[in-house]
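User: I'm new to this structure and would like to learn how to read it. Could you take me through it feature by feature?

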Amino acid sequence: MSEELSDAIQLAKDGDDSELLPYQPTPSINPPRPRTLAAGYDKDSQTLRVRFRNGQVYGYYNVPPNVWRNFRRWKSPGRGINRVLNNFPYAPEHDLDEPTGNY
């Protein structure tokens, strides 16, 4: 893991996820209740991380850079996650969760 990524993860654990998940807010076809709040991509590990409405962060692994580029173009990241990202290995990254009170 690069030092940059380690620093970004530590900042996120401390409550500032702007470096780890710089794409925020994410677009939504349902603005009053967006499914996703923020996202970020680590090109070295090919990990795309997404913070969901409830504050949970999921990592999607082995994601090629073109999928990250496309993610930022999706009008509905939630729909894209269901159709595209869920085809990659993924897991919750609980150490990065930040409860929002929204479910």
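Predicted model: local features only at pLDDT ≥ 70, side-chain atom pairs only at ≥ 80, totals over all residues.

User: How much space lies in the largest pocket?

Analyst: The general idea first: rolling a probe the size of a water molecule over the atoms shows where empty space is left. On a 1 Å grid over the protein atoms alone, a pocket is an open set of points where a 1.4 Å probe fits, with protein on both sides within 12 Å along at least five of seven lines. The volume is the space filled by probe spheres set on the points, which are joined across faces, edges and corners. Here the largest pocket holds about 250 Å³. Its lining (residues with an atom within 4 Å of a point) has 14 residues, and Glu4, Leu5, Glu19, Tyr41 and Asp42 are the closest to the centre.

User: Which elements supply at least two residues of that lining?

Analyst: α1 (3-13) and β1 (36-42) each do. Helices (H or I, at least four residues) and strands (E, at least two) are DSSP runs, numbered from the N terminus.

User: Which residues touch the most other members of the largest nonpolar core?

Analyst: In soluble globular proteins, nonpolar side chains tend to be buried together. A nonpolar core is a set of buried Ala, Val, Leu, Ile, Met, Phe, Trp, Tyr and Cys residues joined through side-chain atoms within 4.5 Å; buried means under 20% relative accessible area, exposed over 50%, partly exposed in between (1.4 Å probe, protein chains only). The largest core has 14 residues, and those touching the most other members are Leu48, Val50, Tyr60, Val63, Phe71, Ile81 and Leu85. Two or more of its residues come from each of β1, β2 (47-52) and α2 (65-71). A second, separate core has nine residues, among them Ala8, Ala12, Ala38 and Leu96.

User: And how many aromatic pairs are there?

Analyst: A pair of aromatic rings is described by the distance of the centres and the angle of the planes. Rings of Phe, Tyr and Trp (its six-membered ring) pair if their centres lie within 6.5 Å. This structure has eight such pairs, and Tyr23, Tyr41, Trp68, Phe71 and Trp74 are linked into a cluster by ring pairs.

User: Where does the backbone have a cis peptide bond?

Analyst: Most residues other than glycine have a negative phi, and most peptide bonds are trans. The cis bond joins glutamine 24 and proline 25, with omega about -5°; proline 25 sits in the loop between α1 and β1. For positive phi, look at glutamine 46, near 55°, in the loop between β1 and β2, and asparagine 62, about 60°, in the loop between β3 (57-60) and α2.

User: Why does glutamine 46 count as partly exposed?

Analyst: Because its relative accessibility is 29%. Serine 45, also partly exposed at 35%, is in the loop between β1 and β2. Asparagine 87, by contrast, is exposed because its relative accessible area is 61%; look for asparagine 87 in the loop between α3 (77-83) and β4 (90-92).

Conventions. Residues numbered from 1 in each chain as written. Heavy atoms only, no water. Phe/Tyr/Trp six-rings, centres within 6.5 Å; stacked < 30°, edge-to-face > 60°.
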